[in-house]
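Subject: Structure handover

Hello,

Here is the structure I promised to pass on. Please open it beside this message as you read.

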Amino acid sequence: MSPLAPGLLFLLASVSFSVTVAVLLKLARRYAIDVRQAIAANYAVTAALSWLVLRPTGAQLESAGASWWLLLVLGVLLPCGFMAMAQSVRYAGIVRSDAAQRLSLFLPLLAAFLLFGESVTARKAAAIALAFTALFCVLRRRAAGSQADAPAQAGAWVWPLGVWLAYGTVDILFKQMARAGAAFSGALLIAFLLAGCCMTGYLLLRRTAWQPRHLLAGVALGAANFGNIVTYIRAHQELPHHPALVFSAMNMGVIALGTVVGALAFREPLSRLNMLGLALAAAAIMLMMP
């Protein structure tokens, strides 16, 4: 067996789990699942699995807690991003939503130039330009046929854009925590706990009628969500000398598999401009490889 095989298997699992999250959100509407309750249950599951699998130490939790204001922002932003993803999958489909989520990785890169004083190279500037062009092409849809179609037409680009902003900002915040010396496992656990509390508090204020089937859907969502995270970490651990391979394979793999699943399983229509956007997204990711 090739020494790369275990890492590649973890990568394949991570890609599959990531697309599974989008599929579960797509199916939620079909089976009348309250996505809000499912998301709240999802964070209870991811927090429990983070504690059991990642086993953060007291020192790691303490180092993460030192960046408390970042954790509070993450606690609000994580469920907001998940809700945006759910709405994006509903109105724009799996293909566009997954592409928007993957293209969000260029937002921290842009922030590094504008906020943190990193030098701009020609290749990175070209990658960012390609990524923004890809985002425009992926989100572009034909004009609404009637006035009744207008809200769905607006949702088809507003929600993916919200996914792009939310996930990109979350990435920036986690990078800031890493700069401050916070341990990833401790930060992840605390962020999940705060996100769960935030979502549960919102539902209690709305006097939501809790139902077991919505919470069970959240258990499946949380298992897939955590599976995506832990297998991605394991892929990096198994391939410590190939970070570019993990980075590019993960992002292009999600876009490719999401396109196949969205087109074949859910018959999501894609224009030539959308397909061009997916190709540009892949090119931008390749350009970012060291």
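First, the ground rules. This is a predicted model, in which local features need pLDDT of at least 70 and side-chain atom pairs count only at pLDDT 80 or more, while totals for chains, interfaces and linings use all residues. Residues are numbered from 1 along each chain as its sequence is written, and side-chain values use heavy atoms, with hydrogens and water left out.

**Salt bridges**

A search of the whole structure gives 4 salt bridges. The term means a side-chain nitrogen of Lys or Arg within 4 Å of a carboxyl oxygen of Asp or Glu. Three of them follow.

Start with E268 and K26. Their side chains form a salt bridge, at 3.3 Å from N to O. This pair links distant parts of the chain, 242 residues apart. E268 sits in the loop between α11 (243–265) and α12 (272–287), and K26 in helix α1 (residues 5–30). Helices here are DSSP runs (H or I, at least four residues), numbered from the N terminus. E268 is buried, at 8% relative accessibility. K26 is partly exposed, at 21%. The cut-offs: buried is under 20% relative accessible area, exposed is over 50%, and partly exposed is in between (1.4 Å probe, protein chains only).

Next, R36 and D34. Their closest N and O atoms are 3.1 Å apart. R36 is partly exposed at 22%, and D34 is buried at 15%.

Then K175 and D171, with closest N and O atoms 2.9 Å apart. Both lie in helix α8 (residues 150–179), 4 residues apart, or about one turn of the helix. K175 has a relative accessible area of 43%. For D171 the value is 25%. Both count as partly exposed.

**Pockets**

The search used a 1 Å grid over the protein atoms alone; a pocket is an open set of points where a 1.4 Å probe fits, with protein on both sides within 12 Å along at least five of seven lines. Lining residues have an atom within 4 Å of a point. Grid points are joined across faces, edges and corners, and a volume is the space filled by probe spheres set on the points.

The largest pocket has a volume of about 1600 Å³. It is lined by 46 residues. Y167, D171, F174, K175 and Y232 lie nearest its centre. By class, the lining has 31 nonpolar, 9 polar and 6 charged residues. Nonpolar covers Ala, Val, Leu, Ile, Met, Phe, Trp, Tyr, Cys and Pro; charged covers Asp, Glu, Lys and Arg; the others, Gly among them, are polar.

The second largest pocket has a volume of about 230 Å³. Its lining has 16 residues, with K26, R90, Y91, A92 and R141 nearest the centre. α4 supplies the largest share, 3 residues. The classes are 6 nonpolar, 2 polar and 8 charged.

**A buried residue**

Last, F106 in helix α6. F106 is buried, at 1%. Where does F106 make contacts beyond four places in sequence? F106 touches A127, I128, A131, A284, I285 and M288, contact meaning heavy atoms within 4.5 Å. The C-alpha atoms of F106 and D171 are 9.8 Å apart.

Best wishes

Key:
Helices (H or I, at least four residues) and strands (E, at least two) are DSSP runs, numbered from the N terminus.
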